[in-house]
Amino acid sequence: VGLAHFGVARSVRSFDRTSSGFSVVDSTVTDSGSYVILSQRTGADSLFERGKYVTSWRMHHEPLVWAIHRDHLVPVAKHKQ
């Protein structure tokens with residue numbers, strides 16, 4: 001529900017992640033890297049948001065499925081002019 005709602009609310013056209021590495025501890029995997037979001041509303045200019053992300057998954061008991069435990073996006077601060 002989160003990503004679908006995010007897509008509609010922000011008119012997201014694409015969401016790309018590039019991993020810079022991951023770690024595995026017990027039943028938890030943590031991945032981090034950078035992301036780019038392209039938003040475009042009809043009749044408006046495209047907007048790009050760039051930033052860093054950290055996502056962790058946990059293995060759950062039977063039927064042994066991976067589920068996102070935490071997903072954190074941090075936009076890169078825009079420079080003041």
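Helices (H or I, at least four residues) and strands (E, at least two) are taken as DSSP runs and numbered from the N terminus. This is a predicted model, in which local features need pLDDT of at least 70 and side-chain atom pairs count only at pLDDT 80 or more, while totals for chains, interfaces and linings use all residues. Residues are numbered from 1 along each chain as its sequence is written, and side-chain values use heavy atoms, with hydrogens and water left out.

**View 1. The protein chain has one helix and four strands.** Read from the N terminus on, the elements follow the order α-β-β-β-β. Of the 81 residues of the protein chain, 19% count as buried, where buried means under 20% relative accessible area, exposed means over 50% and partly exposed lies in between, with a 1.4 Å probe and protein chains only.

**View 2. Four strands form an open, antiparallel sheet in the order β1-β2-β3-β4.** Its edge strands, each pairing on one side only, are β1 (12-25) and β4 (66-75). Neighbouring strands of this sheet are turned by 25 degrees against each other on average, direction ignored; the axes behind this value are lines fitted to C-alpha atoms, for helices over the stretch in contact, and angles run from 0 to 180 degrees between N-to-C directions. Two strands are said to pair if DSSP finds at least two bridges between them. Between β1 and β2 the antiparallel pairing extends over 12 bridges, and Ser 19 stands opposite Gly 33 in β2. Strand β3 (residues 47-59) is joined to β4 by nine bridges, again with the strands running antiparallel, and the bridge partner of Trp 57 in β4 is Ile 68.

**View 3. A salt bridge joins the side chains of Arg 17 and Asp 71 at 2.7 Å, N to O.** A search of the whole structure finds one salt bridge, the term standing for a side-chain nitrogen of Lys or Arg within 4 Å of a carboxyl oxygen of Asp or Glu. Arg 17 lies in strand β1 and Asp 71 in strand β4, so the pair ties together parts that are 54 residues apart in sequence. Arg 17 is partly exposed, with a relative accessible area of 33%, and Asp 71 also counts as partly exposed, at 39% relative accessibility.

**View 4. Asp 26 and Leu 64 are non-glycine residues with a positive phi.** Most residues other than glycine have a negative phi. Asp 26 belongs to the loop between β1 and β2 (28-39), and in the hairpin of these strands, which has two residues between them, Asp 26 takes a positive phi near 55 degrees. Asp 26 is exposed, with a relative accessible area of 78%. Leu 64, whose phi is about 55 degrees, is placed in the loop between β3 and β4.

**View 5. The largest pocket has a volume of about 170 Å³.** On a 1 Å grid over the protein atoms alone, a pocket is an open set of points with protein on both sides within 12 Å along at least five of seven lines, and lining residues have an atom within 4 Å of a point. The lining of the largest pocket consists of 10 residues, of which Arg 10, Ser 39, Leu 47, Phe 48 and Glu 49 lie nearest its centre. Strand β3 gives the most to this lining, with three residues. By class, the lining has three nonpolar, two polar and five charged residues.

Conventions
1 Å grid on protein atoms, 1.4 Å probe; cavity = no way out; pocket = protein on both sides within 12 Å on 5 of 7 lines; lining within 4 Å. Points joined across faces, edges and corners; volume = space filled by probe spheres on them. Nonpolar A, V, L, I, M, F, W, Y, C, P; charged D, E, K, R; others polar.
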